[in-house]
Amino acid sequence: MKIWLDGGLQDSESARVSVFDHGLTVGDGIFETVKATDGKTFALTRHLDRLTRSARGLGLPDPDLDEVRRGCAAVLAANPLPLGRLRITYTGGHGPLGSDRGDHGPTLVIALGEANRRPDSTAAVTVPWTRNERGALTGLKTTSYAENVVALARAHQHGASEALFANTVGQLCEGTGSNVFVVLDGEIHTRRSAPAVSPASPAP
């Protein structure tokens, strides 16, 4: 498997990111997951627009979108799959062991994984933990997903495949890796913590 790391293709088994990368030490990073069918991406421009918005919200430099596009094309060409998830990860880069950022610049990783089509129906549970609609990361697609890991594990313990969060005022917010859509009288209603790309876009 080939991935894109900081400017070029590398073997996934030998590619290395610093153990001091801020994305690892404090979750200082953002990402997008793009559906790829037979080497073609879905709504890549809209995903990259959101990547840039998330970077600005987190105080990271704007990603070089030309490089991101080159990386996406190179990874897809090197790893042909009929249906895949193209994951673009952009972090604060090498930094100190704390909340301050270093001056080495961001890290960019683009990787591809095989994806399976979702079933027509599934079971979901609600969880007692809430999303903070007034938090500093609201609306940003960040790598801080530990809450999602805990919530999804709870769903699996209860025989479900997804967990649903409410926000602090009790409004239905989102799943751990999905958006929630409700159809009332033929009209679609949804509430998201991050700007949507499309309901057809695969969840991370």
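**Cysteines and the whole chain**

A search of the whole structure finds zero disulfides, a disulfide being a pair of cysteine sulfur atoms within 2.5 Å. In general, a disulfide is a covalent bond between the sulfur atoms of two cysteines.

This is a predicted model, in which local features need pLDDT of at least 70 and side-chain atom pairs count only at pLDDT 80 or more, while totals for chains, interfaces and linings use all residues. Residues are numbered from 1 along each chain as its sequence is written, and side-chain values use heavy atoms, with hydrogens and water left out.

Display the whole chain as a cartoon. Its secondary structure comes to four helices and eleven strands; helices (H or I, at least four residues) and strands (E, at least two) are DSSP runs, numbered from the N terminus. The radius of gyration of the chain is 17 Å, close to the 17 Å that the globule rule gives for 204 residues, so the chain is as compact as a globular protein of that length. This radius is taken over C-alpha atoms, and the globule rule is 2.2 Å times the number of residues to the power 0.38. Along its principal axes the C-alpha trace spans about 50 × 40 × 30 Å.

Switch to a surface view. The chain exposes about 11,400 Å², of which carbon and sulfur atoms supply 52%; accessible areas come from the Shrake-Rupley method with a 1.4 Å probe, and for residues only the protein chains shown count as cover. Buried residues make up 39% of the 204 residues, where buried means under 20% relative accessible area, exposed over 50%, and partly exposed in between (1.4 Å probe, protein chains only).

Select Cys-173, which is found in strand β9 (residues 172–175). Cys-173 is buried, with a relative accessible area of 6%. Next select Cys-72, which counts as buried at 2% relative accessibility.

Select His-22 in helix α1 (residues 22–25). Is His-22 buried or exposed? At 1% relative accessibility, His-22 counts as buried.

Move to Glu-162 in strand β8 (residues 162–167). Glu-162 is buried, with a relative accessible area of 10%. Beyond residues up to four places away in sequence, Glu-162 touches Val-125, Leu-152 and Thr-176, among others. The C-alpha atoms of Glu-162 and Glu-114, 48 residues apart along the chain, are separated by 20 Å.

**Two loop residues with positive phi**

Select Asp-6, in the loop between β1 (2–5) and β2 (8–11). Phi of Asp-6 is near 45 degrees, a positive value in a residue other than glycine. Asp-6 counts as partly exposed, at 47% relative accessibility.

Finally, select Ala-43, in the loop between β4 (40–41) and α2 (44–58). Phi of Ala-43 is near 55 degrees, again a positive value in a residue other than glycine. Ala-43 is buried, with a relative accessible area of 16%.

Notes:
Contact means heavy atoms within 4.5 Å.
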